[in-house]
Amino acid sequence: MLVTVNTTKHSGINIESLVADFWATRPRRPRQGRMVAGVAAGIGRRYGIDPVIVRVALVVTTVYGGAGVLLYLLGWLTLAEENDEASAVEAMIGQGRSSMSRGLTILLALLCIPAVTWLWNGQFGFFSGVLSAAALLGGLFLLHRNRADLGVPGAPTMTSGGSMTAPSYAPGATATAEWDPLGASPLLWDLHDPNAPVTQVATTDDDDTTVMVRPRGRRSAVGGVTMGLAVLTAAALLIFKAALGASWLSLPHILGIVAGVLAGGLVVGAFVRGGRGLIVPTVLVGAAAVVLTNAPNGGAAGFGDLRANPTDTLAASYNRSFGDVRLDLTNFKFDKEKPARTSVSVDAGEARVIVPANVNVDVTCTADVGDVRCLNTSQNWRDISLHQVDNVPNAVGTLQLEVHAGAGDVEVVRG
Amino acid sequence: MWRSSVADLERRGGPRLVTLLFGIGGLFAMAYALSDGSMADLPFGVTGLVAGGAILVGLLILMWTVRPSARK
């Protein structure tokens with residue numbers, strides 16, 4: 001007897017439908033109980049778990065590999081807020097409305113770029129980035145597979161397309177209301193008829209069918225006032241610096257003062273219950289102020305790449321605040337009697353110097369965070385300082401060189 | 001325990017502690033930038049800065065607690 005075996009595995013996991021189901025019922029970011037943007041709180045509520053677990057997972061995968069911060073940013077962009085029609089990304093492409101401003105959406109999208117870079121070039125290497133991303137996605141997959149019906153499903157947005165887990169009915173079959181957690185059964189729908197006249201139902205004390213609607217609190221002006229003050233402060237300080245040439249008033253100082261204004265708004269907002277939207281600008285501006293304070297050039301040495309190929313005259317220094325410096329000394333005419341001196345400094349970026357093969361080199365390479373390759377030696381991670389003296393026979397001159405990067409790579413090689 | 005305490009405080013209408021913490025962090029960032037990264041060299045030092053911040057927050061909480069609308 002010939003037996004035909006159907007090898008299709010019906011009981012297996014259909015990844016496509018699982019992903020579609022996840023997207024259709026994806027979490028919403030709640031307004032209550034959030035720490036920053038409500039991504040962790042939303043996931044916790046969606047799957048009925050403590051948001052602290054989600055937060056711990058995000059922090060751990062941020063430190064180990066960097067996937068946590070990327071997933072948080074993506075969640076912030078793609079998960080709609082509680083009462084919004086659509087997520088920030090959907091709103092950007094015109095599919096619904098979101099309460100998040102377009103400026104913040106663009107800023108978050110831009111922040112995804114360094115977050116992705118961090119994922120591949122993280123402190124623990126490439127595999128830690130892959131592992132942390134896999135751990136987070138795997139955790140989310142398991143949560144959705146095992147706990148999709150335990151929490152509060154996210155209400156459909158403009159693009160969610162409805163649930164994929166609803167039971168299907170044959171044409172003409174009678175649907176029952178035995179199990180329909182997602183309200184997929186048309187028989188259970190009780191939709192408002194848009195053509196029906198609006199009636200106000202008066203309720204009495206005995207009528208317990210009245211739905212409690214919490215009145216929306218008056219919007220605090222702290223956020224708007226503080227943001228306006230911060231922008232005006234920044235503008236006033238920049239004009240003051242340009243007009244009077246106040247050398248003390250550096251970019252880190254200006255950012256620090258603006259961070260102080262924003263922080264003051266947060267402190268006041270904590271008491272008058274407003275200004276929570278100032279948290280992100282305060283963190284960004286404050287972090288920029290702290291980073292630039294530690295940068296050797298303090299953000300005052302310009303932006304963009306600097307490429308120099310001197311032949312006769314060597315500048316005392318080649319500096320950039322943000323960008324790469326590439327100094328090629330292979331065509332420089334060295335004086336055999338007088339050593340040539342220069343320095344290269346980059347706050348954030350790569351510093352690369354190519355020295356001729358026929359000069360003596362006395363070089364000091366330093367970096368706060370990054371990889372350093374200084375002629376024959378190399379080192380990476382943080383607070384690196386390497387000193388090399390490399391003399392060659394029949395040298396045509398001597399070069400005394402200092403190369404520094406605040407955050408970035410340093411490379412000094414023979415040409 | 002801490003989370004429930006925070007939630008209780010906020011439910012009662014007290015200050016938003018997360019917002020307050022970020023605000024204090026921002027004030028420290030300002031102090032760090034304006035002292036060119038050497039807060040320890042300030043005349044009052046880091047300890048004095050923390051003490052000043054604690055006095056400021058303490059006064060704000062005190063004023064918030066005894067404000068006239070809270071006693072009605």
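1. Helix α6 of chain A, residues 102-120, supplies three residues to the nonpolar patch, the largest share of it, in what should be read throughout as a predicted model. The patch lies on the surface and is formed by M92(A), I93(A), I106(A), L110(A) and I113(A), which together have about 470 Å² of accessible area. Of these residues, I106(A) is placed in helix α6 of chain A.

2. Turning to the interface, chain A contributes 28 residues to the contact and chain B contributes 24 residues. About 2400 Å² is buried between chain A and chain B, with 70% of that area on carbon and sulfur atoms. Three helices of chain A, namely α3 (51-63), α9 (251-272) and α10 (279-294), each provide at least two residues of the side that touches chain B, and the largest share of that side, 13 residues, belongs to α9(A). Sorted by class, the side of chain A that touches chain B holds 16 nonpolar, nine polar and three charged residues.

3. As for specific pairs across this interface, zero salt bridges are found between chain A and chain B, while two residue pairs, both at pLDDT 80 or more, are counted in polar contact between these chains.

4. Over all chains, a search of the whole structure gives nine salt bridges. In one salt bridge, the side chains of E82(A) and R45(A) meet at 3.1 Å, taken from N to O. Because E82(A) sits in the loop between α4 (67-78) and α5 (88-92) of chain A, whereas R45(A) belongs to helix α2 (residues 39-47) of chain A, this pair ties together parts that are 37 residues apart in sequence. Side chains of opposite charge can pair when their charged atoms come close.

Definitions and conventions: Residues numbered from 1 in each chain as written. Chains lettered and ligands numbered in written order. Heavy atoms only, no water. Contact = heavy atoms within 4.5 Å. Buried area = accessible area lost by both parts, 1.4 Å probe. Salt bridge = Lys/Arg side-chain N within 4 Å of Asp/Glu carboxyl O. Polar contact = N/O pair within 3.5 Å; in protein donor to acceptor, adjacent residues only side chain to side chain. Helix = DSSP H or I, 4+ residues; strand = E, 2+ residues; numbered from the N terminus. Nonpolar A, V, L, I, M, F, W, Y, C, P; charged D, E, K, R; others polar. Patch = residues over 30% accessible without salt bridge, like charges linked within 9 Å, V, L, I, M, F, W, Y side chains within 5 Å. Areas by Shrake-Rupley, 256 points an atom, 1.4 Å probe, with all protein chains shown as cover.
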